[in-house]
Amino acid sequence: NVSIQSIRQGEAKGLGHAILCAKRLIGKEPFAVILPDMLISKDNGNAGDSLKEMRLNFEKRETSSVLLGKAKKADISKYGIAQIKKNSKLPGLGLIKKMIEKPSIKKAPSNLYAVGRYIFNNDFFKYLSKVKPDKSNEIQLTDAIDNYIKDNNKVNAFSLDGDIFDCGDNAEYILANLEFAMKDPVIKTKIKKYLKTKRF
C-alpha cells in the first residue's frame, strides 16, 4: 500500500526550496528528507539502519533529527556543518546547537556534516518558508535548521553508520558504482580481472 507521487521543482533554488515544493502533499504530517545522491553502504546490516534509528526515536520523542558524518578537512566547506551539545541521556550524539552552511575551515565548529537524512516535525515548514535566498539565490535547508534551533526547538544529532558517497562529485559517483558493484560476486570477479590487465 505504497503511494508514490512526484513534484518537479522547476528551478534549482536549493534544497530548502525543493522541500517547500512538497508542502502541499505533506500537509500537516511530520516528514523525512532523503537525498538520493548521498548513498550509504554498509558491510554488515542494512544501509537504512541509521534512518531507522532516527525514525524510532521520532516515534518515541517527536524530536526532529539530522544524520551526521565526519567530513575530511578539505571537504568541510562543501556541506552544512553542525555544532553538538553532548547529552548522555539522549540517543545518538546529543542535540545540535548550531548549523552553518558551507563554512570556511576556520569558522567551522566541527567536522560533522549533514549527510542527507533528516526527520522534521511539521512546524519546521514555518521556519523553512521564512529563509531568505543566499548569494546564489538558493534557499538553504541548513539556515532553516539553525533558525529552528535558535527558537528553542530541539534537533537530535545521529551518527552515520556506514560509508557515504556524495554522487554529486564525479569521483565519488564512480566510487559508489564500484562499492555496490563489488557486492555482486560475478561483477566483482570481472572488475578484479579487468584491473589486473591494466596499468594505471
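The dialogue below goes through some labels used for this predicted model.

Trainee: Why is lysine 42 called buried?

Mentor: Its relative accessibility is 14%, and buried means under 20%, so lysine 42 counts as buried.

Trainee: What makes the contact of lysine 42 with aspartate 49 a salt bridge?

Mentor: The N to O distance between the two side chains is 2.9 Å. The cut-off is 4 Å, between a side-chain nitrogen of Lys or Arg and a carboxyl oxygen of Asp or Glu, so the pair qualifies.

Trainee: Is aspartate 49 buried or partly exposed?

Mentor: Aspartate 49 counts as partly exposed, because its relative accessibility is 28% and buried would need a value under 20%.

Trainee: How many salt bridges are there by this rule?

Mentor: The count comes to six. Among them is the one between glutamate 59 and arginine 55, at 2.8 Å from N to O. Both residues lie in helix 3 (residues 49-61), four residues apart, about one turn of the helix.

Trainee: Why does a spacing of four places matter in a helix?

Mentor: An α-helix has 3.6 residues a turn, so residues three or four places apart point the same way.

Trainee: Where do lysine 150 and aspartate 146 lie?

Mentor: Both lie in helix 5 (residues 141-150), also four residues apart.

Trainee: What makes helix 7 lie largely in the open?

Mentor: Of its 12 residues, the number buried is one, so helix 7 lies largely in the open. Helix 7 covers residues 185-196 and reaches 17 Å from its first C-alpha to its last, close to the 16 Å expected. At its start, a side-chain oxygen of aspartate 184 comes to within 3.0 Å of the backbone nitrogen of valine 186.

Trainee: Why is tyrosine 173 called partly exposed?

Mentor: Its relative accessible area is 48%. Exposed means over 50% and buried means under 20%, so tyrosine 173 falls in between and is partly exposed. Tyrosine 173 lies in helix 6 (residues 170-181). With Ile174, Leu175 and Leu178, Tyr173 forms a nonpolar surface patch of about 390 Å² of accessible area together.

Conventions: Residues numbered from 1 in each chain as written. Predicted model: local features only at pLDDT ≥ 70, side-chain atom pairs only at ≥ 80, totals over all residues. Heavy atoms only, no water. Patch = residues over 30% accessible without salt bridge, like charges linked within 9 Å, V, L, I, M, F, W, Y side chains within 5 Å. Areas by Shrake-Rupley, 256 points an atom, 1.4 Å probe, with all protein chains shown as cover. Helix = DSSP H or I, 4+ residues; strand = E, 2+ residues; numbered from the N terminus. Buried < 20%, exposed > 50% of the residue type's maximum accessible area, 1.4 Å probe, protein only. Expected span 1.5 Å × (residues − 1). Polar contact = N/O pair within 3.5 Å; in protein donor to acceptor, adjacent residues only side chain to side chain.
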